[in-house]
Amino acid sequence: MTATSGFRIGQGFDVHAFGAGDHVMVGGVRIPHSHGVLAHSDGDVALHALCDAMLGALALGDIGVHFPPSVDRWKGADSRALLRHCNALLAERGWRVGNADVTVICERPKIGPHADAMRAAIAGDLGIAPDCISVKATTSEKLGFTGRGEGIAAQAVCLLVRDAAA
């Protein structure tokens, strides 16, 4: 039995610890910061969470399945390329992102000043209007690993719709 609905919903979550470096990549945007992240790719938690949401909506696994950290090809990979690849997988199956909502969780760096650039980058990579993408941030009120400034996390949800062109 297969789903025949014209809609699918997915959710994703990602986390990375801070490490050496002078910037973080979040939502496809380079943000100056006192630390980098420990990751196999560029460690963009927002895009990784969104990729997982997109893949999950179609029951295609997660980014670890498609871009395993055990494969050197993905070392230092640009997460925008991973997002575009996931979008192509959706398109091959007749789906597209209708809208997505991404929340970044950290004390620092401040995400708000970069949210519009992130929305534009994500929308451009997905081939949809920026008003279909929400990027927002929250802190964990100094609780847990994000509150102590040890890392950064993100969660994402997306709605997939059948592509009328497919």
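## Basis

Residues are numbered from 1 along each chain as its sequence is written, and side-chain values use heavy atoms, with hydrogens and water left out. In this predicted model, local features need pLDDT of at least 70 and side-chain atom pairs count only at pLDDT 80 or more, while totals for chains, interfaces and linings use all residues.

## Annotated site

An unreviewed UniProt entry places the feature "binding site" at Asp14, His16 and His48; such annotations may be inferred rather than shown by experiment, and the positions follow the numbering used here, with feature names shortened. These residues span 35 residues in sequence, yet no two of their C-alpha atoms are more than 10.4 Å apart, so they gather at one spot.

Asp14 lies in strand S1 (residues 7–19) and His48 in helix H1 (residues 45–57); helices (H or I, at least four residues) and strands (E, at least two) are DSSP runs, numbered from the N terminus. Asp14 is buried at 14% relative accessible area, and His48 is buried at 5% (buried is under 20%, exposed over 50%, partly exposed in between; 1.4 Å probe, protein chains only). Their side chains make a polar contact at 3.1 Å (a pair of N or O atoms within 3.5 Å; within protein, one must be able to donate a hydrogen and the other to accept it, and residues adjacent in sequence count only if both atoms are side-chain atoms). Beyond four places in sequence, His48 also touches residues including His16, Ser41, Ile63 and Leu82 (heavy atoms within 4.5 Å).

## Largest pocket

Asp14, His16 and His48 belong to the lining of the largest pocket. On a 1 Å grid over the protein atoms alone, a pocket is an open set of points where a 1.4 Å probe fits, with protein on both sides within 12 Å along at least five of seven lines; lining residues have an atom within 4 Å of a point. Other lining residues include His40, Phe67, Pro69 and Trp74. S1 and helix H2 (63–66) each supply at least two lining residues.

## Backbone features

The peptide bond from Arg108 to Pro109 is cis, with omega near 0 degrees. Pro109 sits in the loop between strand S5 (95–105) and helix H4 (115–126).

Two non-glycine residues have positive phi: Glu141, near 55 degrees, and Lys142, about 65 degrees. Glu141 is exposed at 62% relative accessibility, and Lys142 is exposed at 62%.
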